[in-house]
Amino acid sequence: MLSSLELCDWKSFGKGSRSRLPFAPLTLLVGPNASGKSNALDALRFLQGCALGYPVDHVLGGRWEGQRQIWPPIRGGIVEAARQGSSRFTLVAKWSFGSRELEYYLIVDTGEGVQIAGEGLFEPSNVDEGGDVVARFHSHGGGLRQLLGQTESEVRTALRQAVFLDIQPSLMRDYRPENGAHLGTSGENISPVLEALGRTPGRLEDIVEWLSELCAPEIERIEFDRTRLREVMMLLVERSGRTISARSASDGTLRFLGELVALLTCPEGSLVVLEEPDVGLHPSRIRLLAELLERVTAERNIQVVATTHSPTLLAHLSPEALGNVIAFGRDQAEGTTVCSRLKDLPHFATLRDAKDLEHLVSTGWLERAL
């Protein structure tokens, strides 16, 4: 599991403890627009691109093969990867593998001829926590990397297999070839994936049960229409017998369905990254999303990191999950991103025990608490 991510001079982040994100099995990132939430997710994508073996300039600027883009660029590209006024940034990811805890660091110079200026894996106990984030790594050399080669492979595998979902309802409405094995990052293969799940007793019924609570009127079952070209489209059948094809399903229904299927079918141990999974959901149904996120992380041993602007979603979290939420803001003097886990704030109990948590959050309490 990814235990923490420390960002030094990455985009809007500066240096120090207020640029460190501690992660739990479920971690929601909250804060106003432009506070740095998406920049944190971009850092995870950057690490994944490097783990896939792409050159660092391709990870930042996009990679093309045979006139086809196989890796979209990181927002801002090379020029805006390092914080304004700097040409170097450092990312430090701490991982836990059972009883083992190790940190992987990457130092990147975005000046002329973008390059990795430092990379390594080390045990946290060997780190001088009082030192500067960059300086403290140069003193360790590369010796530990050979000793910990197997664990380094585990870190790279975990990053390569991380799922970055960007559900696009418009791409989920068409017929798709049967036997589609993967949902796709946009959810485009939702119909064939659901059809395949229907071959395992109980799998499709579980999904229908979630949907029946989301939709009004209630969904009773999912059927499929097949073409002579072996393509398939899902049909949602309401309790009244009325049938709704994927082409007519609402954006909110398709978005929730895509997230639901992704979380229920990704391999155990996966890291799943979502941006605003609550978009398109009615406030009275957001409790389902909170329940889904907490249940799948506990039952399926997966890790979810997601951004949200919804105080309603926070209000439906358990006290433990609420404490693990990370609040983002901007330092008024420096303009850099600052962040803190809610349970680490001095007055977290005020938020946790509030009778109207939604009002407290929506009126800016978290920003002031930072």
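Predicted model: local features only at pLDDT ≥ 70, side-chain atom pairs only at ≥ 80, totals over all residues.
Local features are described only where pLDDT is at least 70, side-chain atom pairs count only at pLDDT 80 or more, and totals for chains, interfaces and linings use all residues. Residues are numbered from 1 along each chain as its sequence is written, and side-chain values use heavy atoms, with hydrogens and water left out.

**View 1. Helix H7 (residues 203-214) crosses helix H8 (residues 251-265) at roughly 145°.** Helices (H or I, at least four residues) and strands (E, at least two) are DSSP runs, numbered from the N terminus. The axes of H7 and H8 come within 11 Å, where axes are lines fitted to C-alpha atoms, for helices over the stretch in contact, and angles run from 0 to 180 degrees between N-to-C directions. The crossing is right-handed, a term for the near helix being turned clockwise from the far one by less than a right angle, anticlockwise being left-handed. Arg203, Ile207, Trp210, Leu211 and Leu214 of H7 are in contact with residues of H8 that include Phe256, Leu260 and Leu264, contact meaning heavy atoms within 4.5 Å.

**View 2. Asp9 and Arg83 form a salt bridge with an N to O distance of 2.9 Å.** A salt bridge is a side-chain nitrogen of Lys or Arg within 4 Å of a carboxyl oxygen of Asp or Glu, and by this rule the count comes to 21. Asp9 is in the loop between strands S1 (2-8) and S2 (20-22), whereas Arg83 is in the loop between strands S5 (68-71) and S6 (88-97), 74 residues apart. Asp9 is buried, at 6% relative accessibility, while Arg83 is partly exposed, at 24%; buried means under 20% relative accessible area, exposed over 50%, and partly exposed in between (1.4 Å probe, protein chains only).

**View 3. Glu178 forms a salt bridge with Arg226, their closest N and O atoms being 3.8 Å apart.** Because Glu178 lies in the loop between strand S10 (176-177) and helix H6 (190-197) and Arg226 in strand S11 (residues 219-226), the pair ties together parts that are 48 residues apart in sequence. Glu178 is partly exposed at 24% relative accessibility, and Arg226 is partly exposed at 46%.

**View 4. Glu218 pairs with Arg239 in a salt bridge, the closest N and O atoms being 2.7 Å apart.** Glu218 lies in the loop between H7 and S11 and Arg239 in the loop between strands S12 (231-238) and S13 (243-245), so the pair ties together parts 21 residues apart in sequence. Glu218 is partly exposed, at 34% relative accessibility. Salt bridges that share partners join Glu218, Glu220, Arg221, Glu223 and Arg239 into one network.
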